[in-house]
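User: Can you walk me through this one? Keep it simple, please.

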Amino acid sequence: MNSRPFRFIAPMPKLEGSVKIWRDSIRRIEDLGFSALSVSDHFTAGWVMDPLTVLTAAAEQTTSIRLLTLVLSNDYRHPVLLHKTLATLDVLSGGRVEIGLGAGWMESEYDAAGMRFDPAPVRLARLEESVAVIDGLFGPGPFSFGGRHYTIKSLDGLPKPVQRPRPPVMIGGGGRMALELAARVADIVGVHARLRGSRPGAEAAADLRAERLAEKVEWIRSAWQTAGRGEGGPELQFTAYLVDVTNSSHAARRSVSSFAASLAADEAVMAESPAVLTGSVEGCVERLLEVRERFGFSYFNLGADVDMVAPIVARLAGR
């Protein structure tokens, strides 16, 4: 796969306290040079934000930063309604939407909402149909679709997007079925650990070891070629879950994920996985260049502490 220019994702600031402060934070993220502003999709464990509402609000506060769902759970929304929302947002934002979709994985959320949590192959098949529906509705005229999970009859998807033929689609996953699906139908593939249950732990951390990530990238590359999608391959997105930039002006604030302790307990992950990024700004820059060369990852989420990683973004964005 060819190396692509670096892009960096900033997670959506928390919506707590003053809305004015939240809006100011959005604008500052854009000023720092991040490529995209992302929001995930949860409704348990105290999660506050509806992703599509806050991205719409963020679009009004910014002019250039991309608006990324990372990722929407397919089972929570019918693709016809999701298409209309995303198409409208693409128009309102001047063509800045990126559509991140996943099959859904957090069984506890399904239980809380009284939704059936189907086996992974069923959820993935439904996701594949949903992408086909959304893609078709972004087309120039009426669209019909007959699948196992969705049926669409001569529906013209409106409004037509600014981005043509449609906003880019990202699908993330950790297992082979999900990653091969992403390689067949998505423009961007998010490479993650396999997630089971509601909280990732030691098993998920082990799935981020370098040799496992290399295997996942090979699944993607092979599926892309088998699908006849041409040269180059998809853009590959990856998240560093434990980040500590030691000579940043904000070095005292280590950016960690909820399962950072599991990462730290796995010596192989700490030694060589791109899920761990520690050291000086210069060292982190060199490390990311090495990671892109080895794995092909170029689209990075480096955690919520945007000030700590801003010097890295300044050095590498677009390079």
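**A buried arginine and its surroundings**

Analyst: Let's start with Arg126, which lies in helix α5, residues 120-137. Helices (H or I, at least four residues) and strands (E, at least two) are DSSP runs, numbered from the N terminus. This is a predicted model: local features need pLDDT of at least 70, side-chain atom pairs count only at pLDDT 80 or more, and totals for chains, interfaces and linings use all residues. Residues are numbered from 1 along each chain as its sequence is written, and side-chain values use heavy atoms, with hydrogens and water left out.

User: Is Arg126 buried or exposed?

Analyst: Arg126 has a relative accessible area of 12%, so it is buried. Buried means under 20% relative accessible area, exposed over 50%, and partly exposed in between (1.4 Å probe, protein chains only).

User: What does Arg126 touch?

Analyst: Leaving out residues up to four places away in sequence, Arg126 touches Asn74, Asp75, Asp118, His149 and Tyr150. Contact means heavy atoms within 4.5 Å. His149 is 23 residues from Arg126 along the chain, and their C-alpha atoms are separated by 6.1 Å.

User: Asp118 is on that list. Which residue forms a salt bridge with Asp118?

Analyst: Arg116 does, with the closest N and O atoms 2.8 Å apart. A salt bridge here is a side-chain nitrogen of Lys or Arg within 4 Å of a carboxyl oxygen of Asp or Glu.

User: Which residues are in a network with them?

Analyst: Salt bridges link Arg7, Arg66, Glu98 and Glu235 in a network. Elsewhere, Lys216 and Asp207 meet through their side chains in a salt bridge of 2.6 Å, N to O. Both Lys216 and Asp207 are buried.

User: New topic: helix packing. What describes two packed helices?

Analyst: The angle between their axes and the distance between the axes. Take α5 and helix α6 (residues 176-185): their axes come within 11 Å and cross at roughly 10°. Axes are lines fitted to C-alpha atoms, for helices over the stretch in contact, and angles run from 0 to 180 degrees between N-to-C directions.

User: What do we call that arrangement of α5 and α6?

Analyst: The two helices are therefore roughly parallel. Angles under 35 degrees count as roughly parallel, over 145 as roughly antiparallel, 65 to 115 as roughly perpendicular and the rest as oblique.

User: Which residues meet there?

Analyst: Pro121, Leu124, Leu127, Glu128 and Val131 of α5 meet Met177, Ala178, Leu181, Arg184 and Val185 of α6.

User: And which residues of α6 are buried?

Analyst: Ala178, Leu179, Leu181, Ala182 and Ala183. The buried residues of α6 pack against α5, β8 (169-173), β9 (188-191) and α8 (210-226).
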